[in-house]
Amino acid sequence: MPIEKLRELVFASLMAALVAIGAYIHVPIGPVPIVLSTLFVLLSGLLLGSRWGLASMGLYLFVGAIGIPVFAGGKGGLAHFLGPTGGYLFGYLLASWITGFISERLSGRWMKDILAVVVGSLAIYSLGVPWLKLVTQLSWEKTLIFGMVPFLIGDGIKSAVAVILARSVRPILKRQMIIE
Amino acid sequence: MLITLSFLQFKVALFLFNSAMLIGLFIFSRLPLKQFLREFRFWVIFLSILFLFQAFFSQGIRLSFLLWLPISKEGLVLGGITVWRLGLIVCYATLFTAVTRPRELQKAIAWFIKPIPFLSERRVGLMVSLTLRFFSIILDEVEAIRLALKARLGDREKNPIRKGKIVVYPLLRNSFSRVEEVTFAIAARGFRDDLPLQLPKLPFHHVIPLFFLFGIFVVIEWFYL
């Protein structure tokens, strides 16, 4: 296997582990405490790009599915996929891919990263909210109040932090030849 | 998969059958009830909130003996059925995870991804091992950073964003420096992902209950038609 590909593989595994660690870190801001998983989901898209970002999130979900406690609150297992949170978890795949896709393609510096994380954050809800509605049989209005509105402030902060972190760690990664 | 498919429909007969089967499987699994309830605790809070949400905010006829409370009969029924269905899904998934070894689950997922041409099972296996290794290494790293922060009175910092930045930035720096070390270590050991993976075949005595279950679901469906 070429060393560049191997390096990307190891980096994707590291990002999956960071998402898992993020699920353990709570920051008490606003009515709902922030869990840092989504911050690392967006960061994986920004740093790894669409393809490896998607692979990294697929790996994270796989590890969670086999029962390793990597989901929010130190939980793991298939219940999280089949239950009301399943859509948000599958949303991680889409978010990481779409964040990477925008970040890779658009020109410009800050703006492309900001646009990428905003669309990425919305991508999580684009799967999470309909899934929650389907599973709980709530109306659209109630589902949005229950599963989206309380988290928006936290997501705004996490998106901003993801952009700042991505911009500050990219030079380190380029120096170590982990990313181009 | 069969059980999951059965939950796509709101049919009380299917729920009753699945509930009875769950109780049977739980007894058969000999899992300690305490462990099962511990796993289920997180979901109880969520399901309770969901039930109250449905009961209070659904339109319908108010209960005659509780006129002072904005609860409708339709809301209670809808909330009850939704929570029953979700509770069953969560219980089945918890039971399945508890009685299946991670290695078996890994093999099952490898079996599912085997037909996909661009996904190498060996590569997936390596990535899973690396993630688990990194997971424990980073947890140790977080603890080391936390202690270093405490030694420098950083734990007195009131701003959560600044506090988070102090933890996350060194954590990322230290973690990324490991990528290079691990990459060279794997390359030095001559890792190859193009070797075929041998998966065990599904024993025949495991197939019989699946046919039996499928038959029961077909009979229930037929009664509803």
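**A buried serine and its surroundings**

Apart from neighbours within four places in sequence, B:S175 is in contact with A:L14, A:L18 and B:I138. The model in which these contacts occur is predicted.

- B:S175 belongs to helix α7 of chain B, which spans residues 160–188.
- Is B:S175 buried or exposed? With a relative accessible area of 2%, B:S175 is buried, because the cut-off for that class is under 20%.
- B:I138, one of the contacts of B:S175, touches residues of both chains: A:L14, A:A17, A:L18 and A:I21 on one side of the list, and B:L171 and B:S175 on the other, with residues up to four places away in sequence not counted.

**The largest nonpolar core**

- The largest nonpolar core holds 104 residues, and those touching the most other members are A:F11, A:L18, A:Y60, B:I138, B:L172 and B:F176.
- Helix α2 of chain A, residues 37–65, gives the largest share of this core, with 16 residues.

**Chain B as a whole**

- Chain B contains eight helices and zero strands, and the order of its elements from the N terminus is α-α-α-α-α-α-α-α.
- Of the 225 residues in chain B, 36% are buried.
- Considering contacts in chain B between residues at least 6 apart in sequence, 67% join residues at least 24 apart.

**A:S159 in chain A**

- A:S159 is located in helix α7 of chain A.
- The relative accessibility of A:S159 is 8%, so this residue counts as buried.
- Which residues does A:S159 contact, leaving aside neighbours within four places in sequence? The contacts of A:S159 are A:L42, A:V117 and A:S121.

**A nonpolar surface patch on chain A**

- A:W110, A:M111, A:I114, A:V118, A:L122 and A:I164 make a nonpolar surface patch of about 590 Å².
- Helix α5 of chain A, residues 110–136, supplies the largest share of the patch, namely five residues.
- A:W110 is found in helix α5, and A:W110 is partly exposed because its relative accessible area is 45%.
- A:I164 lies in helix α7 of chain A, residues 152–175; its relative accessibility is 49%, so A:I164 also counts as partly exposed.
- A:I164 and A:W110 are 54 residues apart along the chain, and their C-alpha atoms are separated by 9.2 Å.

**A loop residue in chain B**

- B:R30 sits in the loop of chain B between α2 (12–29) and α3 (33–57).
- The phi angle of B:R30 is near 55 degrees, which is a positive value in a residue other than glycine.
- B:R30 has a relative accessible area of 75% and is therefore exposed, since exposed residues are those over 50%.

Definitions and conventions
Residues are numbered from 1 along each chain as its sequence is written. Chains are lettered from A and ligands numbered from 1 in the order in which they are written. This is a predicted model: local features need pLDDT of at least 70, side-chain atom pairs count only at pLDDT 80 or more; totals for chains, interfaces and linings use all residues. Side-chain values use heavy atoms; hydrogens and water are left out. Patches are made of residues with over 30% relative accessible area and no salt bridge: like charges are joined within 9 Å, nonpolar side chains (Val, Leu, Ile, Met, Phe, Trp, Tyr) within 5 Å. Accessible areas come from the Shrake-Rupley method with a 1.4 Å probe; for residues, only the protein chains shown count as cover. A salt bridge is a side-chain nitrogen of Lys or Arg within 4 Å of a carboxyl oxygen of Asp or Glu. Helices (H or I, at least four residues) and strands (E, at least two) are DSSP runs, numbered from the N terminus. Buried means under 20% relative accessible area, exposed over 50%, partly exposed in between (1.4 Å probe, protein chains only). Contact means heavy atoms within 4.5 Å. A nonpolar core is a set of buried Ala, Val, Leu, Ile, Met, Phe, Trp, Tyr and Cys residues joined through side-chain atoms within 4.5 Å.
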